[in-house]
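Dear colleague,

Please find below the structure that I am handing over to you. My notes on what was found in it follow directly after.

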Amino acid sequence: MKHIRPHLLVAAIVIIAAVLGWHNGLRNVLADLRFAWLSKPAGGEIVIVAIDAPSIEQIGVWPWPRRLHAQLLRQLDLAGASDIAFDVDFSTPSDPESDRMFLEALEHAGGSVVLPSFKQPGAQGSTFFNRPLAAFGAHSWSAVVNVAIEPDGLVRRYSFGQKLDGEFLPSMAAVLAGHYDEHRAPFLIDFALQHETIPRVSFVDVLKGNKAALERIKGKKVIIGGTALELGDRFSIPNGGIVSGPALQALAAESMIHGRILHWTSATTTVLALGTLVLFMMLLWRRVSAARRVGVLVLAAVAIEVSAYLIQMWFPLVIDTALLHVAIAVYIAAIGLDEIDIRDLLGRVAENRFQRIAMSLGDGLVCTDSNYLITVWNPGATAIFGYSPDEMIGRPFDTLCAGNAEAPFSIHQAHAQPAGTVIEFDARHRNGNVLPVEASFSRWQGADGIQYGAILRDVSVRKREAEKIRYLAEYDTLTGLPNRYTLEARLASMIAATEASTSEVALLIIGLDGFQQINDLLGHSNGDLILRAVSDRLVGEVGSAGVVARLSGDEFAIAASGLGPSEGIEDLARRIAAAFGNPVMAGSRSHRVSLSTGAAVFPASGSSASELLSNAHLALRRAKVARRGGCVLFEASIREEIESRLMLETELVRAAERGEFELFYQPQVGLGSLELIGAEALIRWRHPERGLISPGVFMPVVNTSPISERIATWVLETACRQARAWEVSGRPLRVGVNLSPSQLHSGDLARSVADVLAATGLSPSLLELEVTEDILLVDEGRVLATFQRIQKLGVRIVFDDFGTGYASLSYLKKFPLDGLKIDRSFVLDLLTDPDDAAIVNSTVALSKELGLSVIAEGIENRATADLLALMGCEEGQGYFFARPLPVPEFESQFLASPSVAAQLLAG
């Protein structure tokens, strides 16, 4: 079987090549080479009358009138041309005169003219047949000019004719050569003929009767057709040639005339030749050496090609030698494979590949034999351990293991693990340092027995990076203290350790009072120095008795367990506060630091670490609001109050969405005339379950929550719409609206007021805006500019709750006010308290000097109203006149009937 294996291989490959057509390309190349070697000039029996560039330049743009072809035909006839073939389309009519002249020329030629017919592809796979016009066909021969193009884009074969509409038409070259036969197969054109040597004359020269041109045509067969590049009638032929359509027809005609109708040898001839070659090689295979067999095959290839050359030169046969050359090439390859030890070759290839991979591997690669002695040591291993290959080849692998007395590591342990298991062990560098190494071990069967390998990686950098990441995740980078997450974990551990005892776990959250001002004034770098100094003092004060952590910007925490009678949580808080009695040093400057502290105790203030942290934060929040600089111990009421506020904020948002707010109006009365002058718009909340809720319950929450601006805007718009409604109904009434600080914090208040006035159409003089001192404290410059713009609109601005702030008199001078309202706290006891009477009397007098109107709030009886009138107070409001009323009641009591309103206001 081994002896016939090469021959079977050759037979299989040759059969596959023949079936799949792989040899066709080689066959064409060999035939083309023979054409090149047999190159010879054309016989000259065919002359091309070329429609070339000079002709187009002199006659004009193609196509030409047929009268020119008629003139040419007469010239050719006079010159004595034997046969005339046009490779020009005559299938469609031209102008009648030209067609008549061409027909007369055809009749005069006496049937010696050949006109072309051809197939032309149409849409969707259809085919069109173009024939000469019937009148022309009656006096000429019709011939096919179509040629077949091979898959490689070249023209090699030429048919004797084709069927058009069921009728056989000879090809143009066959007509000229007189060799047409519908039963003969297409033949190979003899491309040994040099197409450049085919005689050519220019169309315009013949047309003009050029004697030299006419002399070359005498007694010749003539093909008339386009050769100019712009006409596009070009074909590719073997050996890189490109010829025009007329030249291709001339080559085919020359081949027929000279008996060079070439054909490939039959498949039977090829099979016999292949069988002879295989039989010959079977006889030689074991009788001669491989080198001689190769020599014989090379000589056979040369002999085959020389024979094919000679046969093609003497006979119209083209020998198909492609499969023979394929067989010879396969035989040579088989001889080479037969002489090579494939297994050894593959082993060497694999070993070379392994060596290249090992030497280029970034990780360390160490291989050992069955005794664990090192056989491979790559550059990666040198980079990790510092040893060169010469130092380590032949040494035991365990030389690299540092190990320790308690748990030494050995490669024997590693190979007891499944292949691919990653093991980490301590290795020793050449300089004696110990480094962590990650290794993956494997083993395999080698040529010399079991071998072992290890891919090694120095993970010391990775471990340092992991430790750094762990530190960043657990500690504050500025102070080095544990962060929130570490504190929560340690606090949970303290709670778990004290659950079985009666001791407590204390948590203090400490906030630095006014730290934002330090950052703003001194910069963040100085702020960082203060934070480090505070952390150092806290650690020094607490020591090992607890854990000090930094939670956020200016918040620290202290967690301590085991508190007992000797020191409670409040004692600890006082001790921490006392530690900051002295200034802290930040660089070269000293700073006094005030602390507010929130405290929570396990188990009284919470049962888990997260609950203690939450409650201590709530206590700190209370301390910063109520006892800045002090300590607040968490109580359940603190959380209840905050939860109640959060619930109220949620309900307020829902109330705004559902339209549960409404405005009540309290009359403002002229104290001298007891006439209705205006009304103050006061918000009320009509809760669907709790009924009417006083503003004293919800307005403090509104003024400090995000919904404040939304509600304040609604109040302004609603009051202005109501005032406009009264104005339109003929009862104009000034309406006072309380401003909220949020309306100045965000947006443009003056623009908002102008937009509301424009939207409602309210006269500006009927709107009065009431401001309090907390609004004026927002930003004096900005508020001043805003109030000036509002006054330009014609809107009044009055100072509400006058006398209750810290700088009210200075505000009267700074801000553009139209009036002020005396707070009810001075009016209620006006009759019995001389101090209140003095304050009110002075305020009224001061207002008159400044040109401000005055309205007193909280008038609850007639005597108070009379006294205020005697003091010169112009306006007043209070329960004596009326409580705040909803719109329908207000209108029915004070706007429906002037007489009724006068009686009510007079008491």
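**Findings**

The side chains of Q668 and R734 are joined by a polar contact of 3.2 Å. A polar contact is here a pair of N or O atoms within 3.5 Å; within protein, one must be able to donate a hydrogen and the other to accept it, and residues adjacent in sequence count only if both atoms are side-chain atoms. Q668 belongs to strand β30, residues 661-670, and is buried, its relative accessible area being 0%. Buried stands for under 20% relative accessible area, exposed for over 50%, and partly exposed for values in between (1.4 Å probe, protein chains only).

Please note that this is a predicted model, in which local features need pLDDT of at least 70 and side-chain atom pairs count only at pLDDT 80 or more, while totals for chains, interfaces and linings use all residues. Residues are numbered from 1 along each chain as its sequence is written, and side-chain values use heavy atoms, with hydrogens and water left out.

A250 lies in helix α10, residues 245-257. With a relative accessible area of 0%, A250 is buried. Leaving aside residues up to four places away in sequence, A250 touches I46, I48, I198 and I223, where contact means heavy atoms within 4.5 Å. Between A250 and I683 there are 433 residues in sequence and 111 Å in space, C-alpha to C-alpha.

S112 sits in the loop between α5 (96-109) and β4 (113-121). S112 counts as buried because its relative accessibility is 19%. A polar atom of the S112 side chain lies 3.2 Å from the backbone oxygen of A109. Beyond residues up to four places away in sequence, S112 touches S82, D83 and I84.

For the chain as a whole, there are 36 helices and 39 strands, which are DSSP runs (H or I, at least four residues, for helices; E, at least two, for strands) numbered from the N terminus. The chain has a radius of gyration of 58 Å, whereas a compact globule of 907 residues would have one near 29 Å; the radius is taken over C-alpha atoms, and the globule rule is 2.2 Å times the number of residues to the power 0.38. Along the principal axes, the C-alpha atoms fill a box of roughly 150 × 100 × 55 Å. Of the 907 residues, 46% count as buried. Among contacts between residues at least 6 apart in sequence, 67% join residues at least 24 apart.

Yours sincerely
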